[in-house]
Amino acid sequence: MPSLLERDAHIDRLDHLLADCLGRAGRVALVDGPLGSGKSELLRVFAARAAERGVLVVGASCSAQERDLPFGIADRIAHSPGWPAGHAERLAALADPAVLADPADSADGTALNGTGAAADPAGPPSPALLRACRDLTTALLAAAADTPVLLCVEDIGHADEASLHFLRHLVRHLPQSRVLLVLTDGSTPWPARRRLHAELLRHPHAHRLTLAPLSRAGALRLVTEGLGEEDARHRGPGLVEVAGGNPLLLHALVDEHLDRADEPEPRYGPALLSCLHRAGPGVLRVVQAQAVLGEEAPAEDVARLLGERESAEAVARIRAALTAAGLLDGEGRLRTAAAGAAVLEDLAPHERTELRLRAAQLAHESGSPAAEVARHLVEAGRAPAPWAVEALTGAAEHALLDHRHRTAVACLQLAHKEAAEENDRAVLRHRLAQAEWQLNPSAAARHLVPLTAAVRAGHLGLAEALVLVRYLLWHGRGEEALGVLDLLRARTGPASPAGTGALRDVEAWLAYTHPGLARGRRVPALPADLRHAVAPDVDPQLRAAAALAGALTRGRAAEAVDRAQQVLHDAHLHGRTPWAEEAALLALRVLLEAGRADTAAVWSQRLLGTAARREVPTATALYSAAHAEAALRLGEPTTAAEHSRAALTHLSPTAWGIAVGLPLGTLIVAESRTGEHRSAAKHLTHAVGEAMFQSLYGLHYLFARGEHYLATRHGHAALADFLSCGELLRTWGLDGAGVVPWRTQAADAWLRLDNRDRAWRLIHEQLSRADADLPHNRGPALRLLAAAGPAGRRGPLLTEAVDLTEASGDRYEQVRVLTDLSRVHQSAGNKRRARLLLRQALHMANMCALRPLAQELLSVSADLGESGPAADEAPEPGGVGALTESERRVASLAVLGYTNREIAGRLYVTASTVEQHLTRVYRKLGVRRRKDLPADLRAGLRKTG
């Protein structure tokens, strides 16, 4: 890699000055420039060129650590190797710092300070120092009389005062010598530095060379030469952006990329620190203070944080110099997060803590937002001030409102640690558990025991205690939850109607979601005039969840659809309340039970998107599971499996607690329907506790297991699970709620076991239920009734079932009904109609990845004499009269010019269902486009409307 770029003009100028020196016209050159701009590298390259021309190169580098060593640089110059033998000993003797400490040279007998000057550094030099400078200059010029000398002194801003006096004296005597003195220094505008530069450059034989950061083209060239063209094409612009044209930083980044291409910044921090340490007093402190306060901190705030050490004007000067060096961007900010981390890591831990605490104090005194105060306290890991806990709590509340749960957790952890009062600690622990719950319920589990103790001690109110009940139940700790509820019942009586109402709400929720624990546990009924009292500290989302759970328990989901949609519509307003997710999930359950799976899919997808954008893992997992169930109801097992897996990724099975039955059950059914039986069986090996089977989640899992057994031809095992579902529902008093269609599935199992009588009885029980007329319940029941009943009734029953399954949007059930109807037509000798229905079923089975059903349909296709699914597409005769009721409604709206999406909205189905209906309509009517549909379909709309 070439050492220098864009420095040719500077080398040429130094070459000219060296030529003058060889002609006995000594010169001095001051090379300055921003930090890391390549001054040392320029000096190294030039020194090598001078040595090739027979010039004696003598060098010394100044260090801030040696600034108090009198005559240190002069001594280093004098002891450099290479001086002619006759001069080396004299130079060494004259540069001895002891010659500066002659008390006789001080008129009042006072000792000299560490710079070799009198106690006042700005005062005149002592006679001893003047004599030493004169003698050393004379000896050095004498040594250069025969051999030209290039004297290089780096970083003169760090030179001791006595050596600076020597260099000033030497500069005055350079003309007619064979010495070229090259000095380097930074460009930070310190007052002392400006004075020194002015003194050096006032001589006519003094010259100044200023280095600038590399241009973008030069920086890209450096990267290209270091990495090669291909890597530079991909990585170059990013590296140049980070380095800001600073050669030192750019070299560090290139070297790091060569060593570890996957981590481009680890060497950037050390390179940056190297620049800052060499920059001069106060520079690193300013950058550290800015890193603590934030990128936008004004110079006045940085100066306040540093106390009396720096003024706002000095801070502004340092920032300007760092910007010129490319270490800060055009806005005066550090270019990367790695830069800020590096400068703060350079502080000792106790220094970093004290700086953070001082920043928090200043922010508090200036009335900054609580979030700003809390940020410094959290970074410090301490909150000793009386106002600190309040600031942390306020910041946590704002973070929760903004869905920044990790920030809230950090604030609440520190607030809980520092709080003194036990009541305050209990409330803070509860808020911490809520925040951690949104990130990972497993993390919140560690708070359950102390929170339960806090409830018993009376440190938590009713609202907090009811949320604790929910958390305990989630983790399968039902007895503890019931113990808390019993305690709350004992404390709450007629004197607290609002509290009693909140307990009744929890009981209503419990009766549906955890019915195994709710039996026989009820709070006293409220007087009529107090039933609608609302406690100001009780979550209104708990009231909504109770209302929806009550509707579901009574089997009145259809009556609660409007309330459910209102809850879902307002869900984004209640994202931070602890009962919001329960209310939303129950609202989605209402839609599913009311036969509105397509609407539930839309809402769950919307809620999922919101939770994902807010980066809330628990809500994301819950809504993924809800969307998976809705997709399964619509006969989309691939989508259902995808979202179930996502739900189990956002939260681990352990974090799901007993609720793992929801995503796990959906995944088992989805994989069973797509033919992934081995994977489904593997999920059944997941350990689930007995506590799960006291809840709706256990029922969901049990029903899913029965579906898997049914799909894998284990009829007796499937029947046992379905009948167990029925037994649980009867025991819980929820058999009328229609939670799972256990009778339908048990009838299917009986049919596969060749027991038509028992199947027939179960189907008739199903069809006599209050919710039997809902399409998603009636369609499958009619299909099984056709299978269990006489052959003569199968056609009408299955024809009705086709319309019902279309209305429900369940493609899985549609495929099964179409398959059975195809067989009926085949038995009746109507092979053309049988083929048409078979093709429809096979197309839908393939589209939905229902591989087992597709394989079954292919065998039926062989019986019909078809070679495969691509048989002829001739339209079925019969015209408009051949359309089903659902197809007629869709076609009529299409004739009137409605789009697929508009038709879906009017008929409460999905756009995909509309598209399928229209495809069948085109085929039946023998048309190819929407505009070819017959106009008389408008009359059909009026009739059906």
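Visitor: How many aromatic pairs does a search of the whole structure find?

Guide: The search finds seven aromatic pairs. Rings of Phe, Tyr and Trp (its six-membered ring) pair if their centres lie within 6.5 Å. This is a predicted model: local features need pLDDT of at least 70, side-chain atom pairs need 80 or more, and totals for chains, interfaces and linings use all residues. Residues are numbered from 1 along each chain as its sequence is written, and side-chain values use heavy atoms, without hydrogens and water.

Visitor: What makes Phe71 and Phe166 an edge-to-face pair?

Guide: Planes under 30 degrees apart count as stacked, over 60 as edge-to-face and the rest as tilted. The centres of Phe71 and Phe166 are 6.4 Å apart and their planes are at 70°, so the pair is edge-to-face.

Visitor: Why does Phe71 count as buried?

Guide: Buried means under 20% relative accessible area, exposed over 50%, partly exposed in between (1.4 Å probe, protein chains only). Phe71 has 0% relative accessibility, so Phe71 is buried. Phe166 is buried too, at 1%.

Visitor: Why is the pair of Trp474 and Trp656 called stacked?

Guide: Their planes are at 15° and their centres 6.0 Å apart, so the pair is stacked. Both Trp474 and Trp656 are buried. Ring pairs also link them with Trp437 and Tyr471 into a cluster.

Visitor: Which charged end sits over the ring of Trp603?

Guide: That of Arg606, 4.5 Å from the ring centre. The rule asks for NZ of Lys or CZ of Arg within 6 Å of the ring centre and within 35 degrees of the ring normal. Arg673 lies over the face of Tyr812, at 3.9 Å from the ring centre.
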